[in-house]
Amino acid sequence: MSKRASSLEQDLPDAKKTKMTTSNEAAANGAPAVEIDEDLHSRQLAVYGKESMRRMATANVLICGLGGLGVEVAKNVILAGVKSITLHDRAEVTLRDLASQFYLSKGDVGKNRAEACREAVQELNTSVPVAASSADLADDFLAQFQVVVATDTLLAESIRIDEFCHANGIAFIKADIRGVFAQVFCDFGPSFEVLDVDGEEPHSGIVAGITPGNPTLVTTVEDERLEFQDGEEVTFSEVVGMTELNSHAPIRVKNCKAHSFYLERQCKEAHCFYLEVDSTNWNPYQRGGIVTQHKGSKTLAFKPLGQAIAEPGEFLLSDFSKLERSPLLHVGFQALDAFQAAHGGRLPEPGSEAEADELVAQAKSINDAAADKAELDEGVLRKLARTAAASLNPMAAMFGGVVGQEVVKAASGKFHPLHQWFYFDSIESLPEEPLSAEEVAPEGGRYDDNIAVFGRTLQRRMEGLKVFLVGAGALGCEFLKNFALMGTSCGEGGLLTVTDDDVIEKSNLSRQFLFRDWNIGSSKSSCASEAAQRINPAIKINALQNRVSPETEDVFNDGFWDRLDVVVNALDNVNARLYVDSRCVYFCKPLLESGTLGPKCNTQMVVPRLTENYGASRDPPEKQAPMCTLHSFPHNIHHCLTYARSEFEGILEKTPAEANAFLADPEKYISSAKQSSDAAAREQLEKVVEVLVTERCGSFEECVAWARRKFQQQFYDRIAQLVYTFPEDAKTSTGALFWSPPKRFPSPVVFSAADPSHAAFIQAAAILKAQVYGLPVPDWAADTQRVVQVAAAVEVQPFQPKENVKIETDPKASAQSMDAGAHEDQVIDELINKLRGALTALPQGSQLSAISFEKDDDTNYHMQFIAGFANMRARNYAIPEVDKLQAKLIAGRIIPAIATTTAMATGLVCLELYKVIQNKPVEAYRNTFANLALPLFAMAEPIPPKSFKFNDLEWSLWDRWILEGDLTVNQVLEWFRAKGLEAYSISCGQSLLYNNIFPKHKVLWLLHNNIFPKHKERLDKKMSELVQTVAKMEIPADRSHFDVVVACEDEEGEDLDVPLVSINRRLEGYTADLAALNAIDGGKGDAEAALQGAVNNRTVSSGVRGVRWIPAVDRETGIFTMYLVLFKDGQVLDVNRHMGAALGQADGSVLLTDCC
């Protein structure tokens, strides 16, 4: 522990001090080994690794300025798990702080900002001590810390602090957000070592051949693409023959192709040529070998702030359409500091043209004196002046993530630091025209900073939004916090609906910051909503626990989607995203999409008619290992873990569930098996016989014996049979060695009671087997040594090799083809007889317990079983083994996640939300890919949707063609003919409602042969009837339309992709109720005339013609009732009452919304 760390620890209460234990290895290196809660930090460990987190846990961090940016940084840093945090601020809380500081409330006004939020920050991670201070930032105070973050700190003071930090090995970060502008500066000292530049796993390849010479040619197996880049260094292992490579220093590669490269040796001198490796006299290559990318450290030199102001060097860019923006903002922020120095620390007043002029003049003066002059854009500088006084939540969230990640880099050496300046702006989020002084004048409330930037009108619009947030996990928590601070859905008519069907787990607490340990087991959406309401009690939230899917369309029905203004996805899987995307396209709703993967994030704006949708582009499917590789020829730990999880699910979940199906109704199960009579049926029956007959256990001791036999079967007998069938010198039909890369020649594992890995597997397998049968587990089962002693006494049959055993070697073979055999009927009959016999010995109503895999509970033995199984299999094939955490990350398919990336992603999305509610053009929007590890930002305009044209028709995926009335098939066909199109097929769901002939240009010989002759009878039938009788689809009572897919061709016989067709029909059983509508209107004019006027004046963005949903209000009760207004040629034909629709508070007017 450093002296600075030690002195700070002495100042903390005992309860707040960091608890550490020291391992032998760490003690040998003189470094403390911090115990890391792997259950809590599993997702974060997947990003940083244990060593980086241990280094991080020795860092004391000072954060100066607890406004919106400061508290965001504190949140992200404490969740990461540093040693301690000190919050420093001398300012008092004002109401304006509540626009971006989520741990302050009205009751805190007048208190010191650091003191007011200290306890709330401490709650995020009780193992990290949090102190509050308003002391002078003197040298002896600063000396206690390893990282110092300065926000809202004047430039002169920042330079003074950085000079001390630079000279004393303390990392210094200066960051400020000014309206929609921001700057970050990093100084990690004159010599900072980056231990891992990008955080990526080293690339590797399996050597297929090495050709000696000068240079040396290396080829790799063709089943995996080589990821090496020219100039990288590699190391070798497991090479047989040319063993010189195994002990060779890292070697540079060149001329990398998909499956080959040349080798060079790096010169040691500072200025040198590269010498090619001459392997001519080395031992000849025989076989095998793994080549692995060598990832070395990197040392960076940082300039102190005072020097970097004058010599900024290269800036980190975020938007390549703004190449000149960073130098401009470098001058602009200096001008802001000069303005503050001249005006007692305050920033320019929003709406003040005089003070904007002063800032522009300051910028020109600074630029004139600079050695490297920037190209000044006066318009941008004026926007900076008008908005600089405001602290906006989206900017605080984004840069809280950016700066928080830089703190982690400084504390751990993980990832490449920002070197050294980053400027950012989102002027596209601002209103197009400058706002008047009256529009931006403060109201004396929590939204004054928002109003200073966007104006009162836009703030009221934000407060009235109807938002659907899908997901309340890590992204969802950040969005809810942002929405509460922005005032989203906090005013009249506003409503935020959030849904998540998941409950809170311990592993969520390291990044889903609205949850606490006492919330574990509770609904995510409910707890997150309650936390958001504590941030801003005015927010109106409806928390649901429903998954958004086709099965819940009765909950999220047409009326629900129609009422929404915007949808925000906070999901963690692609299929759910695609479904929500399809709903947004259908109902023409903006979708704000984002996702994270470790330090990487992407955001995508899906705006009706302006952009393509989320589903327009897909990632390639994940490559799956062939079945034969998993079963018999694994060559990496991923294969072993995939197979281990498959065995877990097969033995402990699927087989007991299959047995329960048999026990529930034996005769039905047997009848089904006989009807199938295939390899799959035989395999299922064999497993049921195993679990109910041949391997049934009646005591825990028998479960231990079963585990011992399973060990022998899997890790000895199976491998012994494999090498008997394919000896090490076996050859293929072409004469090549069978055991050529990527195949690895295996060896059986002999059970040893003294081996801890063997013992751990036996213990986990026995306990889980006992749970399947509902057997009592004795206390001694927790004693691994006691369990393994029992296992050692179990007698196992010696291995006897079998002749003519078929072992599948074809990578294209499926599981069923691998197990297929002859005489299935006979074998199935024998298995059924065994099951019938077993029934007599089983108590009536017997059932087994199927165990579902749960990765995040280390007390349930699931991961102990899978890690033990995978490592024994790895040992069979001489594959490096992994610890239980690494096994959990791989087998549990855990998505790496950290709080910093999540915060940044949601900040970016919320900046885009301001554009959505202003109906900005497509050029204003930005999709973003960012990687905080590098760091890298890539922002670009969204891609417009693909459009189609035919004659005078034009459409995209956002369009639906609406046909009015309860039409017949013939009427639909005529509608298309009037457009110059010939419709030859109409379908609904999976059902074909009508088909005339195949397209003539495709199947000429069918021109006069209708293969669906009965479909002619459907020409005069109503489409609604066919949908219900043929497609078997029930049309909900509250839906006035149904959808069909029409296939058609143009006059030349060419197929044309046309939009989905919606057919609107009158709601059966509903009658016109104009009189009731007149009454509800409360006598405010003639209701029919009002509706007629609304129809005449309304332009519907979704392209619907002939139908409108209109809510009318009863002013006495405040209840809305929906009316469906049908019209033609601008004349109201009918008004149908939509029953049971209560839409919120009355505003005394007849409203009009689109019907999609």
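**Entry 1: Ser279**

I began with the surroundings of Ser279, which, apart from its neighbours within four places in sequence, is in contact with Pro212, Gly213, Thr216 and Met242. I take contact to mean heavy atoms within 4.5 Å. The model is predicted: local features need pLDDT of at least 70, side-chain atom pairs count only at pLDDT 80 or more, and totals for chains, interfaces and linings use all residues. Residues are numbered from 1 along each chain as its sequence is written, and side-chain values use heavy atoms, with hydrogens and water left out.

I located Ser279 in the loop between β13 (275-276) and β14 (290-294). Helices (H or I, at least four residues) and strands (E, at least two) are DSSP runs, numbered from the N terminus. Ser279 counts as buried because its relative accessibility is 0%. Here buried means under 20% relative accessible area, exposed over 50%, and partly exposed in between (1.4 Å probe, protein chains only).

**Entry 2: Arg577**

I next looked up Arg577, which is found in helix α18 (residues 574-587). With a relative accessible area of 10%, Arg577 is buried. Its side chain has a polar contact of 2.7 Å with the side chain of Glu593, and the Arg577 side chain also reaches the backbone oxygen of Ser594 at 3.1 Å. Beyond four places in sequence, the residues in contact with Arg577 include Asn569, Asp572 and Tyr614.

**Entry 3: Cys628**

I consulted the UniProt record, an unreviewed entry, which lists Cys628 under "active site"; such annotations may be inferred rather than shown by experiment. I placed Cys628 in helix α19 (residues 627-632). Cys628 counts as buried, at 3% relative accessibility.

**Entry 4: helix α21**

In α21 (residues 666-676), I found Pro666, Tyr669, Ile670 and Ala673 buried. Viewed down the axis of α21, the buried residues fall within an arc of 95°, so they line one face of the helix. The arc is that of the directions from the helix axis to the C-beta atoms. Lys668 and Gln675, on the other side of α21, are exposed.

**Entry 5: strands**

I traced an open sheet of eight strands with mixed pairing, in the order β3-β2-β1-β4-β5-β6-β17-β16. Two strands pair if DSSP finds at least two bridges between them. Within this sheet, β1 (residues 60-64) and β4 (residues 147-151) pair in the parallel sense over four bridges, with Ile63 opposite Val149 in β4.

I then turned to β28 (residues 960-964): four of its five residues are buried, so the strand is largely enclosed by the rest of the structure. Its pairing with β33 (residues 1060-1064) is in the parallel sense over five bridges, and Arg960 stands opposite Leu1060 in β33.

**Entry 6: whole chain**

I recorded 34 helices and 36 strands for the protein chain. Of its 1156 residues, 54% count as buried. Among contacts with a separation of 6 or more, 71% are between residues 24 or more positions apart.

Note on methods:
Polar contact = N/O pair within 3.5 Å; in protein donor to acceptor, adjacent residues only side chain to side chain.
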